[in-house]
Amino acid sequence: MIRALIYLIILGALSLLAASVADTPGAVTLDWLGYRIETSVLALLIVMLGASVALAGLWRLWSAVTGSPRRVRRWQADRRQRLGYKALTQGMVAVAAGDAVEARRLARKAETLLGEPPLTMLLSAQAAQLSGDEKAAGKFFHAMAEQSEPETRYLGLHGMLTQAMHDGDQEQALELAKQASELKPKTEEVAQTLFDLQVKTGDWTDAEDTVKKAVKAKHLDADAAKRRRAVLAFQQSIEAQSEGRFDDALDQAKRAVNLSSAFVPAAVRYADLLNDAGKRRRAVSVIEETWVRQPHPHLAAAMERLAAGGAEDRLHAIEKLAGYNREHEESHVALARAALAAKRWSEAREHLESLARTHATSRVARLMAELEEGEKNDTEASRAWLKRATTAEPDAAWVCDHCGNVVADWEPVCGRCETFDGFFWMPPPRVTHFTPADAPKAGPEIDGAIDSADGDGLPKGGA
Ligand SMILES: [Zn+2]
């Protein structure tokens, strides 16, 4: 509309100009290259106008011809990129769907169309992995790890780390996990992998640094971190002792106890080392302090080792220890054991009968059998208790809460499933629960037993 208006105005102005020139008579004479042209001013103006229109047209034609390859190239590049990203997206979908052939085809297409940006490499690596070509996937991961962009480098390192873990190459995996963790210290998964690898390879000091970093990155709360560090200190104490560094062994055991005051294996280790160093009284107080928080049969056993002399002396030591937590089940068991060893039958019976009323586990039945045999030489009663021991509720042991592995002495890493700090003092899962003969006549009791088993967190049956 506006253009038409402008056009009309210009046309009007030109007509006015032409009319005024036509009305004004005048002639132009041009002498050029031996020619002589004589014409009117109007004719000259018309020729000049025509020439400028022709020139403008030519110029437009020329720029259209010279500019088109650039436009065509730009259009082609846009189209390639669009198709590339489409192939990339479809490739990701194929990876998610587990279609290896399609994923590889689309990865190649995206690669041809887009060159090798990070995403294409990741898709290519994933597609190669999906079709089982770990070597090709490794090449892509490696190329990504060499890139300057941190995101791409991380993805490359992560891919290589997963491959090294899969191949069981712990040394390589540890190195890659360190690099990945340095690149992205806030990524919990890598920090956890690094910690696991450090534990597996016995890098206790480095593992403790990783724990401290995990607290800073808020992956781990302060209490969990203390417990982990206590376990690591315990392990460093064992290592120091095996290398003959006795003072270090003692220091690390002390550190473990200070970091986790109810950590029974650390308290036992520290007490034994103190005793070896001639500090028996300090050793006794370490056991007593732990008994207040966490009575445990291994603490009682450690106390018996610390007590000099015979069975009577050991009984006295246990009596003193039990006094710190008099009503606890472990206090009664420890006293019953020590009394049996010292042939103090009535004292032993008192504690065992109290236990038989409240929590008649397998060990209580075994100690009762020992008592009947020792005190009265009653083989029949003893045998009856031993029989009861086989069906009684099992006693607590060090059980891996991850795989159910049971060990006599606490270990920082489960030998079966490699879980770190997985052993807890609890009843082991039972292999068999009830014999068929027991089942029909004691229906209500069985229900009760199942309920109590649930309450204890025991599996209901089976291995
Ligand atoms: Zn385990």
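User: Which residues coordinate the zinc ion?
Analyst: In this predicted model, the zinc ion is coordinated by the SG atoms of Cys400, Cys403, Cys414 and Cys417, at 2.2 to 2.3 Å.

User: What is the geometry of the site of the zinc ion?
Analyst: The site is tetrahedral, with angles of 105 to 114 degrees among the four donor atoms.

User: And what spacing do the donors follow along the chain?
Analyst: The donors of the zinc ion are spaced as C-x2-C-x10-C-x2-C.

User: Turning to the helices, at what angle do H3 and H4 pack?
Analyst: Helix H3, residues 100–114, packs against helix H4, residues 118–130, at about 155 degrees, and their axes are 9 Å apart. Angles over 145 degrees count as roughly antiparallel, and H3 and H4 are therefore roughly antiparallel to each other.

User: Which residues make that contact between H3 and H4?
Analyst: H3 contributes Ala100, Ala103, Arg104, Ala107, Ala110, Glu111 and Leu114, while H4 contributes Thr120, Leu123, Ser124, Ala127, Ala128 and Leu130. By class, nine of these residues are nonpolar, two are polar and two are charged.

User: How do H6 and H8 pack, then?
Analyst: Helix H6 (residues 150–167) and helix H8 (residues 188–200) pack at about 35 degrees, with axes 12 Å apart.

User: Is the crossing of H6 and H8 left-handed or right-handed?
Analyst: The crossing of H6 and H8 is left-handed. H3 likewise passes H4 in a left-handed crossing.

User: Which residues of H6 and H8 meet?
Analyst: Tyr154, His158, Leu161 and Met165 of H6 meet Glu189, Val190, Thr193 and Leu197 of H8. This contact of H6 with H8 has five nonpolar, two polar and one charged residues.

Definitions and conventions:
Residues numbered from 1 in each chain as written. Predicted model: local features only at pLDDT ≥ 70, side-chain atom pairs only at ≥ 80, totals over all residues. Heavy atoms only, no water. Axes fitted to C-alpha atoms, helices over the stretch in contact; angles between N-to-C directions. Helix = DSSP H or I, 4+ residues; strand = E, 2+ residues; numbered from the N terminus. Parallel < 35°, antiparallel > 145°, perpendicular 65-115°, else oblique. Left-handed = near helix turned anticlockwise from the far one by under 90°. Contact = heavy atoms within 4.5 Å. Nonpolar A, V, L, I, M, F, W, Y, C, P; charged D, E, K, R; others polar. Donors = N, O, S within 2.8 Å, 3.2 Å for Na, K, Ca; no water. Tetrahedral: all angles 85-135°; square planar, octahedral: opposite > 155°, others 65-115°.
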